[in-house]
Amino acid sequence: MAETTEPGGPTGPAGPEEPTLDEQIAAYQREFRDLDPQVEKVVSALGRLNRRMNVAYGRQVAALGISNAEWEVLKTLVLAGKPYRLGPGELAKRLGLTPAAMTHRIDRMAGEGLVTRDRDENNRVRVIVELTDEGRTKWLEAMQMATDFEEDLLQDLTPDERGSLGEMLIRLLRRVEHAQPDAGGRLTDLD
């Protein structure tokens with residue numbers, strides 16, 4: 001499909017083209033004179049990079065036949081360590097989900113063979129969700145795809161630049177975590 005120019009900029013099959021960072025910052029400065037263009041460039045670039053990386057990761061897990069939501073459960077179970085088991089309530093808490101949403105997700109994943117859901121042998125009232133061999137295989141495949149993507153993403157940076165960038169991003173992350181300690185999961189004030 002050929003691109004056309006309409007008010008608001010060129011369009012293509014995906015819709016209006018996003019302005020460049022410089023165009024965005026210039027527009028913001030016209031409307032809000034107190035804007036620091038250096039800060040806005042960093043924050044906007046991080047936002048765009050995050051969005052594009054999430055799209056890329058989403059495509060990767062979709063190619064494996066799982067959703068981003070399922071990937072998050074697999075990742076959380078792996079991070080829990082062997083034997084890769086957690087209760088549904090703990091999974092929901094770590095993922096910032098409601099218990100109902102977590103139950104729905106576990107039901108779907110158990111049906112796909114990615115996790116099992118069984119009663120705890122020591123407490124028959126408690127349910128345990130455990131990663132299956134199939135779930136671990138999907139996690140490993142997704143990790144390999146992500147590693148390849150991330151290596152390609154950072155290929156133009158030297159090892160020292162990668163280290164410096166990582167340290168700077170961690171400093172920013174710590175500041176946000178300190179200012180907004182509840183921002184790691186789902187925020188009820190944004191629902």
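Start by selecting M168, which sits in helix α7. Helices here are DSSP runs of H or I with at least four residues, strands are runs of E with at least two, and both are numbered from the N terminus. M168 is partly exposed, with a relative accessible area of 44%; buried means under 20%, exposed over 50%, and partly exposed in between, using a 1.4 Å probe and protein chains only.

A word on what you are viewing: this is a predicted model, where local features need pLDDT of at least 70, side-chain atom pairs count only at pLDDT 80 or more, and totals for chains, interfaces and linings use all residues. Residues are numbered from 1 along each chain as its sequence is written, and side-chain values use heavy atoms, leaving out hydrogens and water.

**The core**

Next, go to I66, V73, L74, L77, L91 and M102. These have the most contacts inside the largest nonpolar core, which has 23 residues. Such a core is a set of buried Ala, Val, Leu, Ile, Met, Phe, Trp, Tyr and Cys residues joined through side-chain atoms within 4.5 Å. Two or more residues each come from α3 (68-79), α4 (88-95), α5 (99-111), β6 (123-131) and α6 (133-153). Which element gives the most to this core? Select α3, with five residues.

Zoom in on I66: leaving aside residues up to four places away in sequence, I66 touches V61, W71, L74, L114 and K138. Touching is a contact, with heavy atoms within 4.5 Å.

**The sheet**

Then show the open sheet of three strands, in the order β4-β6-β5 with antiparallel pairing. Strands pair if DSSP finds at least two bridges between them. β4 (85-86) and β5 (115-120) stand at the edges with a single partner strand each, so one side of each has no neighbour in the sheet. Two bridges join β4 to β6; select R85 and find its bridge partner in β6, E130.

**Zooming out**

Finally, show the whole protein, with its seven helices and six strands. Buried residues make up 26% of its 191 residues.
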